[in-house]
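This report describes a protein chain together with a ligand. Look at the sequence and the structure below before reading on.

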Amino acid sequence: MNQTGESRSSEPVPDSAEAGFFLVFEGPEGSGKSTQARVIAETLERTGRQVLLLREPGGTAIGERVRTLILDPASYAMLPETEALLYAAARAQLVGEQIRPALSAGTVVVCDRFVDSSLAYQAGGRGLAMVDVRAIQQLATGGLRPDLRILLDLPVRIGLRRRLADHQQVNRLDTADIAFHERVRDCYGNLARQDPAGWIVLDATMPPERLAATIAAAVVDRLRDRDEARSLAANDGGAS
Ligand SMILES: Nc1ncnc2c1ncn2[C@@H]1O[C@H](COP(=O)(O)OP(=O)(O)OP(=O)(O)O)[C@@H](O)[C@H]1O
Ligand SMILES: [Mg+2]
């Protein structure tokens, strides 16, 4: 398992995990998505699950090239529409090349950002029509939805301060104004409120270890429910 999408679990895959599980981390800049995605991927691997850790935009050779183009400071003239389509293009490649095959093989896919990032940034932040941004997601993903999204929520200034403390992480998006990031955060909040069963919202100002423990407990719980439902369905199928 790594950021370019190889699976490196050497453990046997339990039968119960056969249909996979799709876990997505969302949230504003510097909220700890990459940190927590890495930790939960390692935690699940230790329990014998096969895990694929991916990031957006990227996770495929083509997607990483799109990522470079989007995040390059030289792309300052990029229009919101162009940006939205490029994110969707990278996502289409990721879904087709990595996510769907992994889910079919029973892998837990942990993705650092997915569709809701486009809704929050391109619709909420940049002001494109939500209906348009949703429409291109349908093309990119074929309607694939995460089994669970974790929203790491924190005040915008705290997240940006964390990012700016790490110069290697600075990219074109850091120059956008605070109001933009506030709109992104608000949009994430609305998305989570509209689908409470699909999201877990966490206070990302908590220390990383506490966040990791909360996330692990929630994900293990969901996976157990999922496994139980599948084995019941399999037994029912066998009886009829
Ligand atoms: N819970 C936390 N408390 C304090 N600092 C944290 C916490 N989680 C992560 N950090 C630090 O904040 C910075 C950003 O973390 P990380 O890269 O995981 O966030 P991110 O959400 O992936 O950011 P980005 O939006 O830039 O991709 C890193 O320097 C990381 O070590
Ligand atoms: Mg990150």
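Leaving aside its neighbours within four places in sequence, which residues is Val 110 in contact with? They are Leu 23, Ala 37, Ile 40, Ala 41, Val 51 and Leu 53, where contact means that the C-beta atoms of two residues, placed from the backbone, lie within 7 Å.

The model is predicted: local features need pLDDT of at least 70, side-chain atom pairs count only at pLDDT 80 or more, and totals for chains, interfaces and linings use all residues. Residues are numbered from 1 along each chain as its sequence is written, while chains are lettered from A and ligands numbered from 1 in the order in which they are written.

**The chain and its sheet**

The protein chain has eight helices and five strands; these are DSSP runs numbered from the N terminus, with helices (H or I) of at least four residues and strands (E) of at least two. The five strands form an open sheet in the order β2-β3-β1-β4-β5, with parallel pairing; two strands pair if DSSP finds at least two bridges between them. At the edges are β2 and β5, each of which pairs on one side only. The twist averages 20° from one strand to the next. β2 and β3 pair over five bridges, and Leu 52 stands opposite Val 109 in β3.

Axes are lines fitted to C-alpha atoms, for helices over the stretch in contact, and angles run from 0 to 180 degrees between N-to-C directions.

| Helix | Strands | Angle |
|---|---|---|
| α3 | β1, β2 and β3 | about 160° with β2 |
| α7 | β1, β4 and β5 | about 145° to β4 |

**The core**

Of the 240 residues of the protein chain, 40% count as buried, that is, 20 or more other C-beta atoms lie within 10 Å of their own, with C-beta atoms placed from the backbone. The largest nonpolar core has 53 residues; such a core is a set of buried Ala, Val, Leu, Ile, Met, Phe, Trp, Tyr and Cys residues joined through C-beta atoms within 7 Å. Helix α3 gives the most to this core, with eight residues. Leu 23, Val 109 and Val 110 have the most contacts inside the core.

**The ligand**

Around ligand 1 there are 17 residues, each with its C-beta atom, placed from the backbone, within 6 Å of the ligand. Those that come nearest are Gly 32, Lys 33, Ser 34, Thr 35 and Arg 162. Helix α1 gives the largest share of this shell, three residues.

Definitions and conventions
A residue is buried if 20 or more other C-beta atoms lie within 10 Å of its own, exposed if 12 or fewer, and partly exposed in between; C-beta atoms are placed from the backbone.
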